[in-house]
Amino acid sequence: MFTKIIVPVDISTLDKGADIFRKAASLLDEGGKIILLHVVEEVPSYLAIDMPADLIANATDEAQDKLVKLRDDTGIDAEIELRSGPPAREILACAKERGADLIIIASHRPDFSNYLLGSTADRVVRHAVCSVLVRR
Ligand code: ADP
(Lines give C-alpha, C1' and ligand atoms only; values in the text may rest on other atoms or scores of the structure.)
Protein backbone atom coordinates (compact mmCIF):
# COMPACT_ATOMS: atom_id res chain seq x y z
CA MET A 1 0.00 0.00 0.00
CA PHE A 2 1.08 3.57 -0.59
CA THR A 3 0.67 6.94 1.11
CA LYS A 4 1.13 9.46 -1.68
CA ILE A 5 0.14 8.50 -5.21
CA ILE A 6 0.51 10.66 -8.30
CA VAL A 7 -2.09 9.94 -11.01
CA PRO A 8 -1.09 11.73 -14.24
CA VAL A 9 -4.13 12.07 -16.48
CA ASP A 10 -4.14 12.79 -20.19
CA ILE A 11 -7.43 14.69 -20.58
CA SER A 12 -7.89 13.37 -24.14
CA THR A 13 -8.23 9.82 -22.73
CA LEU A 14 -10.39 10.35 -19.65
CA ASP A 15 -11.63 6.74 -19.54
CA LYS A 16 -8.08 5.62 -18.93
CA GLY A 17 -7.75 8.42 -16.41
CA ALA A 18 -10.76 7.12 -14.48
CA ASP A 19 -9.31 3.61 -14.60
CA ILE A 20 -5.91 4.58 -13.11
CA PHE A 21 -7.61 6.91 -10.61
CA ARG A 22 -9.73 4.01 -9.28
CA LYS A 23 -6.65 1.79 -9.17
CA ALA A 24 -4.88 4.45 -7.10
CA ALA A 25 -7.77 4.54 -4.62
CA SER A 26 -7.53 0.76 -4.21
CA LEU A 27 -3.81 0.99 -3.38
CA LEU A 28 -3.99 3.95 -1.01
CA ASP A 29 -3.31 3.64 2.71
CA GLU A 30 -5.85 5.13 5.10
CA GLY A 31 -4.93 8.79 5.55
CA GLY A 32 -2.96 8.74 2.31
CA LYS A 33 -3.27 11.21 -0.52
CA ILE A 34 -3.89 11.05 -4.27
CA ILE A 35 -2.74 13.86 -6.55
CA LEU A 36 -4.55 14.04 -9.89
CA LEU A 37 -2.11 15.74 -12.25
CA HIS A 38 -2.44 17.10 -15.75
CA VAL A 39 0.42 18.71 -17.62
CA VAL A 40 -0.52 21.28 -20.25
CA GLU A 41 1.98 20.95 -23.07
CA GLU A 42 3.50 24.23 -24.08
CA VAL A 43 3.10 25.27 -27.68
CA PRO A 44 6.52 25.84 -29.27
CA SER A 45 7.16 29.59 -29.61
CA TYR A 46 7.41 29.40 -33.43
CA LEU A 47 3.83 28.10 -33.51
CA ALA A 48 2.54 30.42 -30.80
CA ILE A 49 3.26 33.67 -32.66
CA ASP A 50 -0.26 34.05 -34.05
CA MET A 51 -2.05 32.39 -31.17
CA PRO A 52 -3.90 34.22 -28.40
CA ALA A 53 -1.70 35.00 -25.41
CA ASP A 54 -4.11 33.24 -23.07
CA LEU A 55 -3.96 29.90 -24.90
CA ILE A 56 -2.19 28.11 -22.06
CA ALA A 57 -4.46 29.74 -19.47
CA ASN A 58 -7.53 28.46 -21.38
CA ALA A 59 -6.06 24.98 -21.72
CA THR A 60 -5.30 24.97 -18.01
CA ASP A 61 -8.87 26.02 -17.12
CA GLU A 62 -10.33 23.34 -19.39
CA ALA A 63 -8.08 20.67 -17.88
CA GLN A 64 -8.97 21.83 -14.36
CA ASP A 65 -12.71 21.49 -15.16
CA LYS A 66 -12.20 17.99 -16.56
CA LEU A 67 -10.23 16.84 -13.53
CA VAL A 68 -12.83 18.28 -11.15
CA LYS A 69 -15.53 16.40 -13.11
CA LEU A 70 -13.48 13.20 -12.99
CA ARG A 71 -13.12 13.57 -9.23
CA ASP A 72 -16.86 14.28 -8.80
CA ASP A 73 -17.90 11.38 -11.08
CA THR A 74 -15.73 8.83 -9.27
CA GLY A 75 -16.33 10.23 -5.78
CA ILE A 76 -12.67 9.64 -4.91
CA ASP A 77 -10.93 12.28 -2.82
CA ALA A 78 -7.87 13.83 -4.48
CA GLU A 79 -5.93 17.02 -4.80
CA ILE A 80 -5.82 18.46 -8.31
CA GLU A 81 -2.59 19.85 -9.72
CA LEU A 82 -1.99 21.53 -13.09
CA ARG A 83 1.47 22.13 -14.45
CA SER A 84 2.78 23.18 -17.83
CA GLY A 85 5.80 21.97 -19.78
CA PRO A 86 6.93 18.63 -21.17
CA PRO A 87 4.64 16.01 -19.53
CA ALA A 88 7.26 13.48 -18.43
CA ARG A 89 9.54 16.12 -16.91
CA GLU A 90 6.66 17.69 -15.00
CA ILE A 91 5.25 14.35 -13.79
CA LEU A 92 8.69 13.43 -12.43
CA ALA A 93 9.15 16.89 -10.84
CA CYS A 94 5.73 16.69 -9.19
CA ALA A 95 6.47 13.23 -7.76
CA LYS A 96 9.79 14.44 -6.35
CA GLU A 97 8.46 17.69 -4.89
CA ARG A 98 5.54 15.91 -3.23
CA GLY A 99 7.62 12.99 -1.97
CA ALA A 100 5.31 10.53 -3.74
CA ASP A 101 5.83 6.82 -3.15
CA LEU A 102 3.95 5.72 -6.29
CA ILE A 103 3.10 7.00 -9.76
CA ILE A 104 0.29 5.18 -11.62
CA ILE A 105 0.40 5.78 -15.34
CA ALA A 106 -1.42 4.31 -18.34
CA SER A 107 0.86 2.48 -20.76
CA HIS A 108 -0.23 4.40 -23.88
CA ARG A 109 -3.22 5.88 -25.66
CA PRO A 110 -5.86 3.20 -26.28
CA ASP A 111 -5.79 3.74 -30.05
CA PHE A 112 -1.98 3.37 -30.10
CA SER A 113 -2.21 -0.16 -28.78
CA ASN A 114 0.54 -1.55 -31.00
CA TYR A 115 3.10 0.33 -28.92
CA LEU A 116 4.27 -1.34 -25.75
CA LEU A 117 4.82 1.92 -23.97
CA GLY A 118 4.01 5.52 -24.86
CA SER A 119 6.79 8.10 -24.78
CA THR A 120 5.61 9.79 -21.57
CA ALA A 121 5.15 6.48 -19.77
CA ASP A 122 8.57 5.33 -21.01
CA ARG A 123 10.37 8.40 -19.64
CA VAL A 124 8.55 8.23 -16.32
CA VAL A 125 9.44 4.55 -15.84
CA ARG A 126 13.10 5.19 -16.67
CA HIS A 127 13.67 8.22 -14.50
CA ALA A 128 11.31 8.04 -11.51
CA VAL A 129 12.92 7.70 -8.08
CA CYS A 130 9.74 6.13 -6.66
CA SER A 131 7.79 3.05 -7.76
CA VAL A 132 5.78 3.26 -10.97
CA LEU A 133 2.74 1.15 -11.81
CA VAL A 134 2.10 0.95 -15.55
CA ARG A 135 -1.56 0.13 -16.15
CA ARG A 136 -2.46 -1.84 -19.29
P1 ADP B 1 0.98 7.86 -26.00
O2 ADP B 1 2.34 8.19 -26.57
O3 ADP B 1 0.35 6.61 -26.55
O4 ADP B 1 0.05 9.06 -25.97
P5 ADP B 1 1.83 8.50 -23.36
O6 ADP B 1 3.07 7.88 -22.80
O7 ADP B 1 1.88 9.93 -23.80
O8 ADP B 1 1.26 7.54 -24.48
O9 ADP B 1 0.66 8.45 -22.29
C10 ADP B 1 0.55 7.42 -21.36
C11 ADP B 1 0.03 7.98 -20.06
O12 ADP B 1 0.92 9.01 -19.62
C13 ADP B 1 -1.33 8.69 -20.09
O14 ADP B 1 -2.43 7.82 -20.09
C15 ADP B 1 -1.24 9.47 -18.81
O16 ADP B 1 -1.36 8.63 -17.68
C17 ADP B 1 0.19 9.98 -18.90
N18 ADP B 1 0.25 11.27 -19.61
C19 ADP B 1 0.56 11.49 -20.92
N20 ADP B 1 0.50 12.80 -21.23
C21 ADP B 1 0.15 13.44 -20.08
C22 ADP B 1 -0.10 14.82 -19.70
N23 ADP B 1 0.02 15.81 -20.60
N24 ADP B 1 -0.42 15.10 -18.43
C25 ADP B 1 -0.54 14.11 -17.53
N26 ADP B 1 -0.34 12.81 -17.80
C27 ADP B 1 -0.01 12.48 -19.05
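Predicted model: local features only at pLDDT ≥ 70, side-chain atom pairs only at ≥ 80, totals over all residues.
Residues are numbered from 1 along each chain as its sequence is written.

**Helix α5**

- Thr-120, Ala-121 and Val-124 are the residues named as buried in α5.
- They cover an arc of only 95° around the axis, which puts them on the same side of α5; the arc is that of the directions from the helix axis to the C-beta atoms.
- The buried residues of α5 pack against α4, β4 and β5, where two residues are in contact if their C-beta atoms, placed from the backbone, lie within 7 Å.
- His-127 also belongs to α5, and it counts as partly exposed because it has 13 C-beta neighbours inside 10 Å.

**Overall layout**

- The protein has five helices and five strands; helices (H or I, at least four residues) and strands (E, at least two) are DSSP runs, numbered from the N terminus.
- From the N terminus on, the order of elements is β-α-β-α-α-β-α-β-α-β.
- Of the 136 residues of the protein, 26% count as buried.
- Among contacts with a separation of 6 or more, 73% are between residues 24 or more positions apart.

**Ligand shell**

- There are 20 residues around the ligand, and Pro-8, Ala-106, His-108, Gly-118 and Thr-120 come nearest; a residue is near a molecule or strand if its C-beta atom, placed from the backbone, lies within 6 Å of it.
- Two or more residues of this shell come from each of β2 (28-40), β4 (102-106) and α5 (119-127).
- By class, the shell has ten nonpolar, six polar and four charged residues. Ala, Val, Leu, Ile, Met, Phe, Trp, Tyr, Cys and Pro count as nonpolar, Asp, Glu, Lys and Arg as charged, and the others, Gly among them, as polar.

**Nonpolar core**

- In soluble globular proteins, nonpolar side chains tend to be buried together.
- The largest nonpolar core has 29 residues, and those with the most contacts inside it are Ile-5, Val-7, Leu-36, Ile-91 and Ile-103. A nonpolar core is a set of buried Ala, Val, Leu, Ile, Met, Phe, Trp, Tyr and Cys residues joined through C-beta atoms within 7 Å.
- At least two residues of this core come from each of β1, α1, β2, α3, α4 (87-98), β4 and α5.
- β2 gives the most to this core, with six residues.
- Leaving aside neighbours within four places in sequence, Ile-5 has contacts with Ala-24, Leu-27, Leu-28, Ile-34, Ala-100, Leu-102 and Ile-104.

**Helix α1**

- Helix α1 (residues 14-26) has 13 residues and reaches 18 Å from its first C-alpha to its last, close to the 18 Å expected at 1.5 Å a residue. The expected span of a helix is 1.5 Å times one less than its number of residues.
- Gly-17, Ile-20, Phe-21 and Ala-24 are the buried residues of α1.
- Seen down the axis of α1, these buried residues fall within an arc of 105°, so they line one face of the helix.
- The face turned away from the buried side of α1 carries the exposed residues Asp-15 and Ser-26.
- β1 (2-8), β2, α3 (55-74), β4 and β5 (131-135) are the elements against which the buried residues of α1 pack.
- Gly-17 counts as buried because it has 22 C-beta neighbours inside 10 Å.
- Leaving aside neighbours within four places in sequence, Gly-17 is in contact with Val-9, Asp-10 and Leu-70.

**Helix α4**

- The twelve residues of α4 should span 16 Å at 1.5 Å a residue, and its end C-alpha atoms are 16 Å apart, which agrees.
- Pro-87, Ala-88, Glu-90, Ile-91, Leu-92 and Ala-95 are the buried residues of α4.
- The cover over the buried residues of α4 includes β1, β2, β3 (79-84), β4 and α5.
- Gly-99 follows α4 and has a positive phi, near 65°.

**Glu-30 in strand β2**

- Glu-30 has its place in strand β2, and it counts as exposed because it has 6 C-beta neighbours inside 10 Å.
- Glu-30 and Met-1 are 29 residues apart in sequence and 9.3 Å apart in space, C-alpha to C-alpha.

Technical notes
Buried ≥ 20, exposed ≤ 12 C-beta atoms within 10 Å, placed from the backbone.
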